[in-house]
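Reader: I would like a close look at one part of this model. Please take the salt bridges.

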Amino acid sequence: MKKLVNLLDRLSLDAKLLLAIGAGFLITLVVGLSSLAAIRTLSATTQKTYEQDLLGVSHVLSAQADLTRMGRDLRWMAMSITAGERAVARKSVSDAEASVRLHMDEGRKRIFLVEGEKALRAFDTAFAIYSKNVEHVIGLLDKGDAFADGEATKFLAGNDYNNAIVAADQSLDHIAKSKHDSAKIGVKNSRDISERSQLVVSYFLAFGLAASLGFGLIVSASIRRPLHDLRTCVEDMAAGRIDIVVPHTGQRNEIGVMANSIRVLQRGAQALDIQRGIKLSLEEIDHALQSASSFEQFADTLSAKLAPVLGLVYGALYVAEADGTTLRRVGGYGCDDSVHTDRFALGQGLVGQAARDRRRLTLSLPEDDSVVVTMGLGTLAVRAVLISPIVDQDNVLAVLEIGALTPFD
């Protein structure tokens, strides 16, 4: 130490300043490089979590929805009477099966945990059995005779069929849980990396504080704030708060890349949340309609429940009278008596024409020819109208008319 002091004593002021400044900038450079490395590592970890885990969960949930659609449409095919309806149902079953395989092909690329691989093997076995069961039912239905139809219906209600689809569905649940667990591990790794990075930067700043206090504080602030913001954002998303605003997405640096990666994760989580919301809404509508005791209550309940889901301005249900030539409006949502007619003869207007043709009509109205519906604050121009007959064994039971401000997706 004495020799170093003696050496410094022999140096000029400029040399001392240059040496002090050089040492300070060297420490600052080390701090900056270590911080950038930590940011890149955290960004890569976050991106890896999205690509391997959340996308995997999305594909598995989509496959699970398509598996349910296969069973539903197969029963629809079994209950269909006309050849045309069976053909449509059969195509829907095939499309759902192909979608299951497509989503699982994408999902299996992102399964790495032992539990997930075990569940995937169980799904492959169960789905293969279930696919054979589906082919067996379709083969019976293709014969086109009453005995074969009865055998198909009996098989659909049997344990062999139900056990296979339940096993496949449970395997998908286990796979989804495995991916959720993997995502939690990824988030924890990101948090650990962030905390270790802050610790290392703090040590370097403390060591170089005497030589470059001002510059060190600036570097510390420029690193700590965005990392803390993004870490808080990831923690909020992990806790289920997916509607938060992701900060720093406009920056053109590593922080911006990481922030945009988190925003992609957020959009994926929001899409999954929307799918869950739609499923819950459909279940709520189904439950509400089962308790309807009259046509009027059925119409009002159906229209009111569909309104928030589809963004309806109005909805009306026309029930066929006993004579089969008249449609009577029994209820609806937001109906304007100055616009909506109480009765239609078969073939009269679009409602009557849809009933006669037994065909759904979808209209997109131009701005200068829109339907105007009155509300408390004024009027609304309806730009999209859907008129759909409700048919049972070629008998038109009713016609549902709904209107919205924007076209239906």
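Author: What follows is a walk through some of the salt bridges.

This is a predicted model, where local features need pLDDT of at least 70, side-chain atom pairs count only at pLDDT 80 or more, and totals for chains, interfaces and linings use all residues. Residues are numbered from 1 along each chain as its sequence is written, and side-chain values use heavy atoms, with hydrogens and water left out.

Side chains of opposite charge can pair when their charged atoms come close. A salt bridge here is a side-chain nitrogen of Lys or Arg within 4 Å of a carboxyl oxygen of Asp or Glu. The structure holds nine.

Take Glu321 and Arg343. Their side chains meet in a salt bridge, 2.9 Å from N to O. Glu321 lies in the loop between β1 (312-320) and β2 (326-333), and Arg343 in strand β3 (residues 343-345), so the pair ties together parts that are 22 residues apart in sequence. Helices (H or I, at least four residues) and strands (E, at least two) are DSSP runs, numbered from the N terminus. Arg328 joins in: Glu321, Arg328 and Arg343 are linked in a network of salt bridges.

Now accessibility. Buried means under 20% relative accessible area, exposed over 50%, partly exposed in between (1.4 Å probe, protein chains only). Glu321 is partly exposed at 25%. Arg343 is partly exposed at 43%.

Next, helix α3 (residues 83-108). Asp95 and Lys91 form a salt bridge at 2.9 Å, N to O. The two are four residues apart in α3, so about one helical turn separates them. Asp95 is partly exposed at 38%. Lys91 is exposed at 52%.

Last, Arg72 and Asp73. Their closest N and O atoms are 3.0 Å apart. Arg72 is exposed at 52%, whereas Asp73 is buried at 2%.
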